[in-house]
Amino acid sequence: MRNLPDTAVITDTKQARIQGGVQQSVQHESARRHVSGEALFTDDRAQPTGTLYAYVGLATITRGKILSMDLSEVKAAEGVVSVITLDDIPGHRDIGPVFPGDPVFADGEVLFHGQPLFAVAAANQNQARRAARLAKVDYEPWPADLTIEQGLAQQSFVRPSHTQQRGNAAAAISKAARRLNNQLYIGGQEQMYLEGQVSLACPDEEGGITLYTSNQNPTEVQKLIAEVLAIPISMVTVDMRRMGGGFGGKETNANQWAVIASVLARKTGRAVKIRLARADDITVTGKRHHFLSEYDVGFDDLGRIEGLEMSLSAGCGFSPDLSDAIVDRAMFHSDNAYFLPAAKITGHRVKTNTVSNTAFRGFGGPQGMLAIEGVIDDIARAVRRDPLDVRKDNLYGPEGDRDTTHYGQKIERHILPGLIEQLEHSSHYRQRRQEIIDFNRSQPILRKGIALTPVKFGISFTVQHLNQAGALIHVYTDGSIQLNHGGTEMGQGLFTKVAQIVASVFQVDMDRILPTATRTDKVPNTSPTAASSGTDLNGMAARNAAETIKQRLIDFAAEHFQTSAEQVQFHNNRVVIGEAADLSFGELAQLAYLHRISLSATGYYRTPKIYYDRDQAHGRPFFYYANGAAVSEVLVDTLTGEYRVTRADILQDVGQSLNPALDIGQIEGAYIQGMGWLTTEELVWGDDGRLQTNSPASYKIPAIGDTPAEFNVALLADSPNVEATIFHSKAVGEPPLMLGISVWSALRDAIASLADYRISPRLDTPATPERVLKAICTLQQPFDRQEDSHAND
Amino acid sequence: MIELLLNGEPLQIDNVDPNCTLLDFLRDQLHQTGTKEGCASGDCGACTVAVGELDGALDEECIHYKSINACITPLANVHGKHLVTVEGLKQGQQLHAAQQAMVDCHGSQCGFCTPGFVMSLFVLGREQAGPPERHTIEAALGGNLCRCTGYRPIVDAAVQMFDPARQADSDPFQEKETQWVKALQGMNRTDEVQLKGEGRQYFAPDSSSRVSQLLREYPEARLVAGATDLALELTQQLREIDTLIYTGRVKQMTAIRETDSHLSIGAAASYSQFGPALTALYPHCGELLERLGSRQIRNQGTLGGNIGNASPIGDMPPLLLALDASLRLRCDDQLRELPLEQFFLGYKQTALQTGEFIEQVLVPKPAPDDCLRVYKVSKRFEDDISSTCGAFWLRLEPHEQVPEQQVVTQVRVAFGGMDAIPRRAHACEQALLGQPLNDNVIAAAMTALARDFTPISDFRASSDYRLKVSQNLLKRLQLELGNDSLLTRVNQHA
């Protein structure tokens, strides 16, 4: 550079601090581009000349042998340029992320209804879609297991079962004064990201691929493309600017489409885009696991648990995918916030001939938590106490050796007792409880219910090596900054928060920092953006990178101006070097450049303290816990089972919030998503194994009218994370999803009012109006018989 | 050729496949990618655009904007209209108030649904003089799904966009309106419009007789109005329809007229167009009309379409059967009137003969003592298809011998979602007729209903639930007609 840029920065001199530092509620970095339509998603990118459109041909049976596959009509169809099957794949044919089992295309055998058999590339999207429907396939159908019960009966598992155990649960249960057992079916959930699966693969001259995609795990798809093409990982570059929602559905399930586009791109030498139509997207991608939970619990007359045996059987679909870790996380959360003196938790990974279920916000945690919250409600009815009191009495606490989980992690900070107390008061729980009892006595048709449920969610990947992150920061000679890290932006505000962190380190306004697309050629070997860890990991790595450059600038300035490092102060877009100089950040950067100081640095972070011995099911898998609680109130129509959530009050511990507005946005959105999971979002498969609820016409996520009219969300004040997390914040992505459990519990409360709160109605999820009405009808049977079947002590 | 204004600029389109949707045209041919595809079935609202029209009946000087789903709109349906997309709102660097409010309220997270919300907010902003009630916001945005925010900040934005501080310095929608009105007036508004391309054709005739003539000429042609159902054949089943005949410009088919005895609704009138007139006569239709589809669907979908596709789960037929509506059918110059009850023959089968189409729907006006209730039950309140939909029309009059007792002297009960066609529940009606609405009579009517229907099980609801709820709706009817003070519906008391 011969001519240097202007470093003058126009800053508001009245401004006392930088704009957009940590703890400020700045808008999402893309907000203005979102609202104007200028934010580019993968399908919006200008694409190379000659780009082809790929589509997949899908199996039309659930399970069986492929006797023959005649693709002649596909190949002859208008616009078709290329057709590939498994035989056209040069390298690995299996793209299972952890364990094998996920072939790119069906390998002689159909594993679920809708499994991709082949792919076609054509001149446009319509031609590709039409051609993909023209295959003539002969099958020999085989019997299929569609339900968890069927898979269990066959002892058919995708991975071995696993047990976490403390003490002798069976003995504790039989010794206890009271005992209950019950079961609960917990439905799955479609991620329903608004932007469907999409990838654009561009062939590179060296024989590699540059991929533009919507994917939570650029490194993994990079590796898989390399393996499938039998080329080194270094020849694949993945570029991921933003997703239109991910929610776990693009952690592994975005890979297959990227791989297919890449194979076709290498085969044709042309760029290939693949974008799944919504009905196919919902059919061929995995969902939140459905579970069957069964429990046997012993407790005292006040409802304090003495022993719990619980089995959690997850419907995994046809392959392992991430199910091992997902069921582990369900088991890790089967205590939720409650001390289990003796416990035996068994997790089964049941194989079914359905799409392979995958990550979804919470990653098994929600199902484990729902199961134990159901147990607590059942206990409360049995001992005839307000469920909130039973919850409080069962919480982990610092006294009486009630502070260790069934997997051996000590609860070091007891945040929930105080948090619940605070929410109980701010939501006027007790007063409303009484009003609801009065209302229910006066109304024959409509019933109200209320519930407060807590959340304690473990933060860290339970697969230890994933708890690392990298970042790359460039400072340019005008003082502008490019920021890159391994995390992906899917709407959660990660790019915003990390930019705030870097702005705070350099003490410059956030608009000086450009967050750039996640790219495997900038930061390699990254982890998926998942497990609520995005900010914890990448924020730390970015801070480390920024601190490295900042230290170089300090050392340079101290030497250059002949003063001490302590005299170099970064504040509000300026750098004051003792009495010697007062420079803008850009002026210092330029001066440093002229004196040959590197202005680019990488940063790296790994989470400390965590370890876990899975064989012993013992250790400290989580760096810390995120906590929260919600009170939901519902109004139920006992004639139709229809209901409304009329009010929600939430208090969530996010530590020292990096951005309160974004955190509240995560909490509200997660609560509504959790509510949807447990209420209207119903996945229904036909007897033929075909998913029938495969579009937003049939699969109903919450709409705007489902948001409670009264919706009070607060962040727990003065609660910095005691662990050394990024600016003492806490993760917020997943934990609040489980606040939605309070809606389900409130529905059960409203229904239980019909039996004077003496019976705990079974209410499988999603608690559609139909299931609610079914529970109501069960309670309207004579009470005596009911009670026998529920209280068998 | 068709012509329109796109974000204020005239645009002529020719030689484009008439099966092309407005969304695909915007994204693939104009490369305007702000409008998103979320589902291509009109269920998520990510593709929402605003369409402005001169409303001849109201005011020729103003452009009236409404939100529609571009993904299920045949391109040529926007002929002669002002199409506003998300790209058309920002003026220079200045955001429109709807956009600014969304930014300020943190209304976007992933941003994919955001352009659709912005367009629905834009329309809301033009409909309302000041900050709307929550209910109005929900009605305007019920067809826009967001998976990230939980909607609270979007509700806030819908209020804050009316804040004077957020208004842009210049509003082209006011400043240029006169110019745009002139441009729209200059577009072909009377003669037949055609779009041809890829060997397929689209006709937009202006009279019923021309529709007939075209149907004779092209027996395989499909009539299209709002296309909310037909477009799914294009986007989901990938059908190719060679000839489309658009009925939205036919005066006889869009007019809404009231006579002494009837409300006559043109078959191609949208829900938004005929809804107010129907609700004025029958206020108890209001909830059904708000829960039928979404605002975008109600702006596009038509009464003739809802009846003509003969779906077992259409929401208007049960109501219209209970109201004893009839259809005016046309074939060439032959007009006949057919009671709606005789129209549905079997699953997706109707009494329409070759070349015949629904021109108008005739709804009798109410008598003072008529009682009407319509109950829709679905998994989700907004934009969902009914598990069951029951409509109850009855007249209560004093008993001849016991004048202090009110008895049912006339009754029509009809259900959708309970059989292969929407139809009357005659056994149930018989159980009610001549009886007071007491517990025993309702119990008998509930039992009778089980003789009327053996509903199917599907992903929306089981057979048992459909029947049980439909029976329980009779209890709700009894309670609502007997005691005003009881709470009977959860969505009235949120």
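Helices (H or I, at least four residues) and strands (E, at least two) are taken here as DSSP runs, numbered from the N terminus. On that count, chain A has 20 helices and 29 strands. The model is a predicted one, in which local features need pLDDT of at least 70 and side-chain atom pairs count only at pLDDT 80 or more, while totals for chains, interfaces and linings use all residues. Residues are numbered from 1 along each chain as its sequence is written, and chains are lettered from A and ligands numbered from 1 in the order in which they are written.

As for confidence, pLDDT (the predictor's confidence in each residue, from 0 to 100) averages 96 over chain A, with 98% of the residues scoring at least 70. Residues 783–793 of chain A are another matter: pLDDT there is below 50. Where pLDDT is low, the predicted coordinates should not be read in detail.

On overall shape, the C-alpha trace of chain A spans about 90 × 75 × 50 Å along its principal axes. Buried residues (20 or more other C-beta atoms within 10 Å of their own, with C-beta atoms placed from the backbone) make up 63% of the 793 residues in chain A.

Turning to the partner chain, 69 residues from chain A and 67 residues from chain B take part in the contact (C-beta atoms, placed from the backbone, within 7 Å). Elements giving two or more residues to the chain A side include α1 (31–36), β27 (624–637) and α17 (660–678) of chain A. The biggest giver on that side is α17(A), with six residues.

Definitions and conventions
Contact = placed C-beta atoms within 7 Å. Buried ≥ 20, exposed ≤ 12 C-beta atoms within 10 Å, placed from the backbone.
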